[in-house]
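Here is a briefing on side-chain contacts. Please look over the sequence and the model first.

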Amino acid sequence: MAKIKNTKTELKAQNDALKRYRRFLPMLQLKKQQLQLEIASITARIEVVARREADLLAASASWLALFSDSEIPADLAVLDSVETDKGNIAGVAIPLYRATRVRRGELDLFATPSWYDDAQQLIEARLALAAEKQVLEEQRRLVTAELTTTSQRCNLFEKVKIPECRENIRVIRIHLGDEQTAAVARGKLAKKRGTAAAEEEDAA
């Protein structure tokens, strides 16, 4: 704890600081709650995407085994880009998933198995789900980092700064009270001495 001056000016500064911390703390606590809710919401969306991916694979299981018996072209379906927008959650800049651009390889209808077309659709759908999940995970990472910072500030205000200000105010008030008491005592003593001196002069 930094050394404080036991003065009226410092007392005012500590009182002002205490008011600031008390005003900002509820705002930080509210932001913390909002961030926690957003993280839960993002996590739920990630789980939905994961279930969609599992359902997609389950629906394709009957013919997916055919891939093991033939060589799969590397360019059957290739991810070109992921389109995102910019969003904001409680002051945190986040990416928003919009779409994926997938380039499909040209198929020779006479030279390739008929299920290659279905395979392209499956790969394209999986690439889209993987991209969406990745964007959601980045959202969660960014919001979680902000939650950590906000929680640290809440703890700093609630457990350090506010108690520190209160203690400083208490110490300064005690010191100023002691000074005032000492000043009154000195005044009374000086007055008593002055009265005694005047009485001695009168007697002389």
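How exposed is Glu 138? Glu 138 counts as partly exposed, at 30% relative accessibility. Partly exposed falls between buried, under 20% relative accessible area, and exposed, over 50% (1.4 Å probe, protein chains only).

The model is predicted: local features need pLDDT of at least 70, side-chain atom pairs count only at pLDDT 80 or more, and totals for chains, interfaces and linings use all residues. Residues are numbered from 1 along each chain as its sequence is written, and side-chain values use heavy atoms, with hydrogens and water left out.

**Salt bridges**

- Searching the whole structure gives nine salt bridges. The criterion is a side-chain nitrogen of Lys or Arg within 4 Å of a carboxyl oxygen of Asp or Glu.
- Glu 138 has a salt-bridge partner in Arg 141, with 2.8 Å between the closest N and O atoms. Both residues sit in helix H2, three residues apart, or about one turn of the helix. Arg 141 is partly exposed, at a relative accessible area of 48%.
- Lys 31 and Glu 146 form a salt bridge through their side chains, at 2.7 Å from N to O. This pair links distant parts of the chain, 115 residues apart: Lys 31 belongs to helix H1 (residues 8–64) and Glu 146 to helix H2 (residues 116–203). Helices here are DSSP runs (H or I, at least four residues) and strands likewise (E, at least two), numbered from the N terminus.
- Arg 103 and Asp 80 make a salt bridge, their closest N and O atoms lying 2.4 Å apart. Arg 103 is in strand S2 (residues 92–104) and Asp 80 in strand S1 (residues 77–89), so the pair ties together parts 23 residues apart in sequence. Arg 103 is partly exposed at 44% relative accessibility. Asp 80 is partly exposed too, with a relative accessible area of 46%.

**Aromatic contacts**

- The structure has one aromatic pair. The ring centres of Tyr 21 and Phe 157 are 4.9 Å apart and the planes meet at 55°, so the pair is tilted. Rings of Phe, Tyr and Trp (its six-membered ring) pair if their centres lie within 6.5 Å; planes under 30 degrees apart are stacked, over 60 edge-to-face, and the rest tilted.
- Tyr 21 is buried, at a relative accessible area of 16%. Phe 157 is buried as well, at 14% relative accessibility.

**Charge over a ring**

- Arg 23 places its charged end over the ring of Phe 24, 5.1 Å from the ring centre. The test asks for NZ of Lys or CZ of Arg within 6 Å of the ring centre and within 35 degrees of the ring normal.
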